[in-house]
Amino acid sequence: MEGVAVTGMGIISAIGRDVEEAHFSLKIGKDGISYPDILSTIHQNLPVGEIKLSNSELSEILNLPEDHAYTRAALLGVYAIRELLENSGMERFPGDTGFISGTSVGGIDKTEEHFYNYKENVADRKYIQAQHPGFTTEKIAEYFGINGMVTTISTACSSSANAIMMGAQMIESGKLKRVIVGGSDCLTKFTLNGFNSLKILSENKSRPFDNEREGLNLGEAAGYLLLEAEDQMAGENILGRVVGYGNANDAFHQTASSENGEGAFNAISRALKKAGLSASEVDYINTHGTGTRNNDLSESVALKRVFGDHIPEFSSTKGYTGHTLGAAGAIEAIFSLLSIQNGKIFPNLNFSNKMAETNLAPVTEIKSKHIETVLSNSLGFGGNCTSLIFQ
Amino acid sequence: MSKVYINGVSSVSPQSEEIFENQSSKSYYQHILPALDQDYKSMIKPMMLRRMSKAVKMGLFCSKKALLEAEIEKPDAILVGTGQGCMQDTEKFMNNMLESKEGLLSPTSFIQSTHNTVGGQIALDLKCKGHNMTFTQNSVSFESALIDAMLQFQNDDINNILVGGVDETSYEFTGFQKLDGQIKTEPVNNLELLDSKTSGTIISESAAFFTLGTEKTTKSYAELKDIEIFNSIALENLEEEIEDFLNKNNTSVLDIDAVLLGKNGDVRFDHYYKELQEGIFSDKCQVGFKHLVGENNAVTSYAFWLASKILKEKKIPEIFKLNALHCKEPGKILIYNQYLGKNHGLILLHSL
């Protein structure tokens with residue numbers, strides 16, 4: 001079996017426009033939560049993890065022609081992969097590079113913007129296909145001239161974690177030597193109003209794992225990793241390795257997680273099994289930890305089931321970025337790799353009291369520690385649960 | 001890795017599944033073809049049925065039938081390809097949100113709008129806690145799910161996988177496809193679609209699901225050999241890419257008995273198929289299906305259903321044939337499809 005090496009990464013989120021900026025924010029505990037400026041919405045009271053660059057600013061940075069049809073998720077995706085390409089040390093991606101991207105809503109920002117205009121305005125019609133997630137992936141592929149295997153996974157909030165998992169399997173099976181994996185999701189009125197209708201958005205900064213948590217903040221981000229077969233690398237440096245992964249379905253409810261955390265329990269167990277690791281070998285867990293009553297409790301129960309009384313140190317980084325939906329798994333994979341590289345656990349922001357039901361406390365101050373193995377969880381609608389293990 | 005067999009199949013489309021036996025096709029004079037109504041109640045509880053969009057209904061119905069045929073109660077993984085996902089619920093929520101100017105909204109349609117609703121609902125119904133994935137890459141969504149199936153079968157714990165493709169239509173969103181040239185503007189009869197000299201095609205809804213297994217059974221249809229997808233292929237490289245794909249599978253153009261081609265009557269892009277029909281596959285039996293079931297992002301799952309039937313029954317019904325060549329005993333079939341010149345997919349199947 002081939003080793004799966006991470007040889008490049010790129011990220012843009014509310015806490016920074018590259019890996020270094022994100023790392024800096026994580027270290028000093030600086031969140032990127034604000035009120036919406038770029039997203040046009042009446043919900044000005046809902047905090048979001050917004051990237052303060054407009055689409056036209058992004059387009060200019062990326063040197064796109066004025067009449068381009070890139071969705072915001074595509075712009076963010078290209079932005080992040082430009083950084084990935086740069087730090088992989090390659091000039092351009094070789095022709096046999098694959099691309100697997102995760103997104104929850106793809107280009108629905110364009111649909112909500114132009115829904116009433118398509119009938120009259122011919123120029124807007126270039127966005128009609130943009131609604132479907134594959135379009136955003138194709139635009140990113142087009143920018144980098146990736147012509148081979150290109151696909152999109154859309155499993156709500158675990159989308160990009162699943163893209164990383166599939167990429168690792170493509171490499172292990174020898175089907176690809178090199179693959180860009182990750183995901184991109186932007187803030188949209190559709191998702192903001194959707195989560196608001198579910199009454200799981202907090203009007204304050206989210207407080208993952210806190211007893212008084214009152215919901216999540218939505219965010220936007222793009223994060224991508226370059227995975228390569230270790231014996232055939234084109235990238236210069238190994239930033240880490242994907243050693244384990246597992247996906248499981250909660251099979252409980254379309255949106256709510258089960259009380260016993262069955263899906264998360266199975267996903268974590270499968271990832272450990274795949275990695276050939278025992279639970280005690282995990283040094284740190286980057287949790288899904290959205291800050292909703294339901295998720296954090298279910299995930300905590302799952303952790304207790306897997307790790308018993310010896311739960312490794314854990315934190316949710318959603319307090320920094322907001323919940324970036326389909327991109328969350330990928331940006332948290334990058335945070336996990338930063339934890340390993342720098343020997344740091346980044347704190348869980350806004351936490352004060354342990355949950356009555358589980359009595360678990362996340363790490364709340366930055367902590368130095370030798371970290372070899374990180375578990376990262378991503379749990380989504382449709383009962384979709386994914387765990388990844390990085391070393 | 002052990003071989004992968006197709007052990008159960010089921011499809012819902014604008015044509016009856018009996019078309020394979022009786023060759024009686026439905027003819028439509030419309031641009032958007034609905035999938036034929038099914039006896040959904042026979043498989044899904046009426047209370048559940050009321051809440052389900054067409055995609056979920058079609059997907060769950062086909063899933064249960066494909067599992068039943070293979071006599072598998074619970075698969076080890078569920079993989080779904082859907083290019084456009086749950087558009088009906090997405091449209092409902094979008095309409096409500098925009099009309100109310102972000103007013104008070106019911107979450108029901110939002111909950112059911114995510115692309116993995118079909119996969120999630122199947123898992124919920126079957127109480128299946130295994131690997132569950134949804135692929136949404138335009139016309140290679142189903143092919144992507146097949147690629148994942150092959151990856152999952154490398155795990156010794158995985159013996160049976162439910163895999164399928166499904167796409168529904170919705171009033172506004174599908175209607176938009178008339179505005180950007182995806183749908184023909186002039187009236188067209190589906191049975192004459194492939195002779196059309198104009199741009200655009202006809203759009204449909206369909207679903208087809210399969211039970212894939214590592215064990216050959218008395219009911220097995222065929223063996224799934226391999227799948228490959230390409231974001232883009234220059235026309236002049238198409239034959240070479242196909243030959244490479246066949247070579248990788250220790251086979252060659254010579255060995256192929258029939259090709260299933262995704263011709264859809266769009267004069268702008270059908271030359272990809274024409275190139276093959278007049279080139280490397282000129283002396284092969286050529287088969288089409290979009291003149292019967294229309295075009296959609298998951299329609300290659302219908303082609304996969306058709307190929308499975310052809311390989312099991314060892315015959316190609318005339319109604320699907322694009323040329324007059326007779327194929328005595330189809331043994332190796334290649335499915336090739338693209339949409340709007342992008343997202344090309346290749347699927348190779350062998351008879352047993």
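## Two chains and how they meet

Across the interface of chain A and chain B, the rule finds four salt bridges, a salt bridge being a side-chain nitrogen of Lys or Arg within 4 Å of a carboxyl oxygen of Asp or Glu. Please keep in mind that this is a predicted model, in which local features need pLDDT of at least 70 and side-chain atom pairs count only at pLDDT 80 or more, while totals for chains, interfaces and linings use all residues. Residues are numbered from 1 along each chain as its sequence is written, chains are lettered from A in the order in which they are written, and side-chain values use heavy atoms, leaving out hydrogens and water.

**The interface**

- B:Asp157 forms a salt bridge with A:Lys273, with 2.8 Å between the closest N and O atoms.
- Between chain A and chain B, 28 residue pairs are in polar contact (both at pLDDT 80 or more); a polar contact is a pair of N or O atoms within 3.5 Å, where within protein one must be able to donate a hydrogen and the other to accept it, and residues adjacent in sequence count only if both atoms are side-chain atoms.
- On the side of chain A that touches chain B, the largest share, seven residues, comes from α7(A).
- That side of chain A has 23 nonpolar, 31 polar and 11 charged residues; Ala, Val, Leu, Ile, Met, Phe, Trp, Tyr, Cys and Pro count as nonpolar, Asp, Glu, Lys and Arg as charged, and the others, Gly among them, as polar.
- Chain A brings 65 residues to the contact and chain B brings 61 residues, contact meaning heavy atoms within 4.5 Å.
- The two chains bury about 5300 Å² between them, 58% of it on carbon and sulfur atoms (accessible area, 1.4 Å probe, lost on being put together and summed over both).
- In chain A, the residues that lose the most area to chain B are A:Phe115, A:Phe190 and A:Gln254, together 13% of what that side buries.

**Helices packing in chain A**

- Helix α1 (residues 19-28) and helix α11 (residues 328-342) of chain A pack at about 75 degrees, with axes 11 Å apart; helices are DSSP runs (H or I, at least four residues), numbered from the N terminus.
- Axes are lines fitted to C-alpha atoms, for helices over the stretch in contact, and angles run from 0 to 180 degrees between N-to-C directions.
- A:Val19, A:Ala22, A:His23 and A:Leu26 in α1(A) meet A:Phe335, A:Leu338 and A:Asn342 in α11(A).

How values were computed:
Helix = DSSP H or I, 4+ residues; strand = E, 2+ residues; numbered from the N terminus.
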